[in-house]
Amino acid sequence: MATTLSIQPNSLAALATAADATDNSSARSAFPKTSQLFMTARRKKRHYLIPKASCSNSGDKAPSINTPLQFDRREMLVGLGGLYGLTGLGTQSLSASASPILPPDFSQCGTLELPANVKSVNCCPPKSATVVDFKLPGSNAPLRIRPAAHLTDKAYIAKYKKALELMKALPDSDPRSFTQQSNVHCAYCNGGYTQVGFPNLDLQVHGSWLFLPFHRYYLYFFERILGSLINDQTFGIPYWNWDAPAGMQIPAMFTESNSVLSKALRDARHKPPRLVDLDYSGTDEKVSDQEQISSNLSIMYRQMLSNGKTAKLFHGGEYRAGGDPGGPGSLESYPHGP
């Protein structure tokens, strides 16, 4: 039986009202489009199927304001609907103007639609008839601490390399494998799934308020798999502390030759000691280190504070069933976008 969360309808309404109180239209025009692969994919024909909207869970009666609504943790996790992922809503009750994006039909993952000069890719995860319900760790579970990548020591780097070696050694068919971790992102980013009830519309986790929730869960499970492979429940993945001057280089562990952490395709011009340009747009600017640091700090202040003063401006525009992503938030645009 699925584990559920109980949330009062009046609290849900308050959250929805607060989320809709701000407008992201100005942010959409100010921020450039992200450089994700999905932006190059051929758009599917827009053909909305707008069924009759209904607010009821059973019959035609609306739920009582004093009756808790039940939420399936599975939908909280993979449904990407956050607090709006009601399990009681079927496809007949979808509304393009208000209904949440529902979990995809995992049996209907398809091949990407890409330009003619790009090799076709199928990144659908392996299918399983068994669904394991997610359970939150107990209050006494070991604490995972994520270190800044530029401050890690040799012991940590060795442990991280070992975990990735074991993950990459798994057969591609294993859902824990490195290939399948890549496929998860590919399927949700590049048109592997369509919206339930709207078969001509892709389900997209970029360019809207789904960006941060999806990627936080994505990294959470990636981290747990790595820890389980080395039998260390406290293992935490490193983070790139790019808004601190000392961390504004590609972390050294990712530039070593012949390492499981390195990639031959990485542009050698951007490796240490060169500082990363958080406003990079395809052209290498000839500036001093101090000028680059100043520029990077300005970018971070602008994107994290000045341009992200409201929930929608920071997290991204709304994205509802039957519609398109409402526009990226300030963090997704820069420094993530370039």
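This is a predicted model: local features need pLDDT of at least 70, side-chain atom pairs count only at pLDDT 80 or more; totals for chains, interfaces and linings use all residues.

Tutor: Let's go from the overall fold to helix packing and then to some backbone details.

Student: Okay, how many helices and strands does the chain have?

Tutor: The chain has nine helices and four strands. Going along the sequence, the order is β-α-α-β-α-α-α-β-β-α-α-α-α.

Student: And how much of the chain is buried?

Tutor: Of the 338 residues, 40% are buried. As for contacts between residues at least 6 apart in sequence, 70% of them join residues at least 24 apart.

Student: On to packing. How do α5 and α6 sit against each other?

Tutor: Helix α5 covers residues 178-189 and helix α6 covers residues 211-229; they pack at about 170° with axes 11 Å apart. That makes the two helices, α5 and α6, roughly antiparallel, because an angle over 145 degrees counts that way. The crossing of α5 with α6 is right-handed.

Student: Which residues in α5 and α6 meet?

Tutor: From α5 you have Gln 181, Ser 182, Val 184, His 185 and Tyr 188, and they meet Phe 214, His 215, Tyr 218, Phe 222 and Ile 225 in α6. By class, that contact of α5 with α6 has six nonpolar, four polar and no charged residues.

Student: What about α4 and α6, at what angle do they cross?

Tutor: Helix α4 (residues 154-169) crosses α6 at roughly 95°, and their axes come within 9 Å. So α4 and α6 are roughly perpendicular. On the α4 side the contact uses Tyr 160, Ala 163, Leu 164, Leu 166 and Met 167, and on the α6 side Phe 222, Ile 225, Leu 226 and Leu 229. The contact of α4 with α6 has nine nonpolar residues, with no polar and no charged ones.

Student: New topic: which peptide bonds are cis?

Tutor: One of them runs from Pro 272 to Pro 273, with omega near 15°. Pro 273 is in the loop between α6 and α7. A cis bond also joins Tyr 334 and Pro 335, with omega about 10°, and Pro 335 is in helix α9.

Student: And what's the phi of Asn 231?

Tutor: Asn 231 has a positive phi of about 55°, though it isn't a glycine. Most residues other than glycine have a negative phi.

Student: Is Asn 231 buried or exposed?

Tutor: Asn 231 is exposed, with a relative accessible area of 71%.

Notes. Residues are numbered from 1 along each chain as its sequence is written. Side-chain values use heavy atoms; hydrogens and water are left out. Axes are lines fitted to C-alpha atoms, for helices over the stretch in contact, and angles run from 0 to 180 degrees between N-to-C directions. Angles under 35 degrees count as roughly parallel, over 145 as roughly antiparallel, 65 to 115 as roughly perpendicular and the rest as oblique. A crossing is left-handed if the near helix is turned anticlockwise from the far one by less than a right angle, and right-handed if clockwise. Contact means heavy atoms within 4.5 Å. Ala, Val, Leu, Ile, Met, Phe, Trp, Tyr, Cys and Pro count as nonpolar, Asp, Glu, Lys and Arg as charged, and the others, Gly among them, as polar. Buried means under 20% relative accessible area, exposed over 50%, partly exposed in between (1.4 Å probe, protein chains only).
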